[in-house]
Amino acid sequence: MATQARNAAGVGTGQGGIQRATPYAYYALFLLILANLFNYLDRQIVSILAPAIQAELHLTDTQLGFLLGTAFSVLYGVLGIPMGRIADALSRTRLMAFGLALWSAMTAVGAGATSFFGLGVARIGVGVGEATASPVAHSLLCDYFPARNRAAVLGTYLASVHLGIGGSLVLGGLLIQNWSQWCHSFPGNACSLSNWRASFLIVGIPGLLLAILIAFLREPPRPAAHVAVPARTLILNELSAAIPPFTLFTLARVGGQHAVKANLAFLAVLTITVVGLASVTGDWAQWIAVGIGGYSITTWAQVLRHVDRPLYALTFGCPTFMFSMLGGAFLTCFVGTVSTWAAPYAMRTLPGTAGQIGIALGLAQLGSAAVSVIVGGFLSDWWKRRDRRAPIWIALVALAVPVPMLFVLLSATTLGGFIAAFCVLTFFSMSWPGAFAGLVQDLVLVRMRGAAAAIFTLVMIVISSGFGPYWAGKISTMTGSLTTGLYGLLAFVPLAAAMLIMAARRIGRETPEVRVARATAAGEIG
């Protein structure tokens, strides 16, 4: 029984019992790393381009905060969670290729924006495409590699997050500073483009070529039972469970009248809250977007409770999973938003050109954060053999050290001092993602890996991107000080600490046998 439980939970082997990774697995890892690099390059390049965009489109810091976070995160979350279940049943390599092609194209489309609304729509499109990335890549890597290397492999994959972020700062800074000279090397009337518009085109187009290579990756073998319904039916069912107003029809079909009434009651409360917040702040786009994201995720969780009770029991219905997810979200609201606003802050307050600041911040990101993610993954694998709570302890360190470093960062008067503080802050603050990626996979059964990764990652991103950048931007707009806006992020620290400590108190009891028993009690068969 114990062996069966460990196999069902995916402990000790890869999904197909893999004991040693093949050279092809490393080739797949390389392509997925490149895809994730473009993922974050396209997502984060807005940060270094922000002053140029803000000047040309006449944006406030509040609107900039929306573009840096909320615009991307809303449909990313709305579509991303059902994308996890779709990834568990369809060709993950083709799904990844489609998403990469879409987000690359929408990045390029952003070059044509002439208003806050137009650029917002383009960034939402980027989020739609990138919703495929995390659930697909995590699921693929867990099938290409054995379980004993899971956190290390996922940590290595997640290091590409910082390669992309660092690359966006370096490339964006250089393009802002040198585009007027470099444009003559490009065909057509390239010099008529402003530097930030050219940047969107340059980082967007190459992803279309990478999508072709990923489309031809071999799909790792999965149990035949993973294909339960025809592909078209699955896609329609999953998307209708997340996209309003189709969510109500789906909920009525699977949960009946009582479920619909409960959903409408929640919608009424949410609508009153959104209207109230939007009326008080004047930020209608922000709160409507957050409301849509919150409603869609909550409704999808309601649907999941009826259509896949075992998956619900191990994710939304599991306090350990929820505390870990919310702890990671509030942690990212703090440390992730500091990184997002670092370039605009440095360009406003410190001496140096856009190119100098972009290169310095980009290299700092590459050198500190990328190494931190890899070290954190290996440390988690080693530490977890002695203490199942290791990922939580790593996250608490990642939360605590950046607090004093934020004061050092914002007190810097030279670019060198700012970069030194930024390196220390990012080295500690980015040590936890690989550990948490492995933790999520450990908390669910084999068949649930893609869906669980989607739920965890996407809910975290909706919360952190939907609130963090906007929060700092709003405080900056109200006070006239971006420094004050960044100090305002400290409000998320006690929330993150409380969630992580509650997760730590429970996680020691989350054995494979307990997870299988919980899923079986919810109706899992086999």
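In this predicted model, the axes of helix α15 (residues 354-384) and helix α19 (residues 433-442) come within 7 Å and cross at roughly 45°. Axes are lines fitted to C-alpha atoms, for helices over the stretch in contact, with angles from 0 to 180 degrees between N-to-C directions. Helices are DSSP runs (H or I, at least four residues), numbered from the N terminus. Angles under 35 degrees count as roughly parallel, over 145 as roughly antiparallel, 65 to 115 as roughly perpendicular and the rest as oblique. On α15, the contact (heavy atoms within 4.5 Å) involves V373, G376, S380 and K384. Their partners on α19 are G434, A435, G438, L439 and D442. Three of these residues are nonpolar, four polar and two charged. Ala, Val, Leu, Ile, Met, Phe, Trp, Tyr, Cys and Pro count as nonpolar, Asp, Glu, Lys and Arg as charged, and the others, Gly among them, as polar.

Helices α2 (residues 23-57) and α5 (residues 116-130) have axes that come within 12 Å and cross at roughly 175°. Helix α2 is therefore roughly antiparallel to α5. N39, D42, R43, V46, I53 and L57 of α2 meet L119, R123 and E130 of α5. This contact has four nonpolar, one polar and four charged residues.

The whole structure holds one cavity of 30 Å³ or more. A cavity is a set of points, on a 1 Å grid over the protein atoms alone, where a 1.4 Å probe fits but cannot get out; lining residues have an atom within 4 Å of a point. Helix α20 (residues 449-479) supplies the largest share, eight residues. The lining has 23 nonpolar, 18 polar and one charged residues.

The average pLDDT (predictor's confidence in each residue, from 0 to 100) is 87, and 94% of the residues score at least 70. Residues 1-16 fall below 50.

Local features need pLDDT of at least 70 and side-chain atom pairs 80 or more, whereas totals for chains, interfaces and linings use all residues. Residues are numbered from 1 along each chain as its sequence is written, and side-chain values use heavy atoms, without hydrogens and water.

Conventions
Helix = DSSP H or I, 4+ residues; strand = E, 2+ residues; numbered from the N terminus. 1 Å grid on protein atoms, 1.4 Å probe; cavity = no way out; pocket = protein on both sides within 12 Å on 5 of 7 lines; lining within 4 Å. Points joined across faces, edges and corners; volume = space filled by probe spheres on them.
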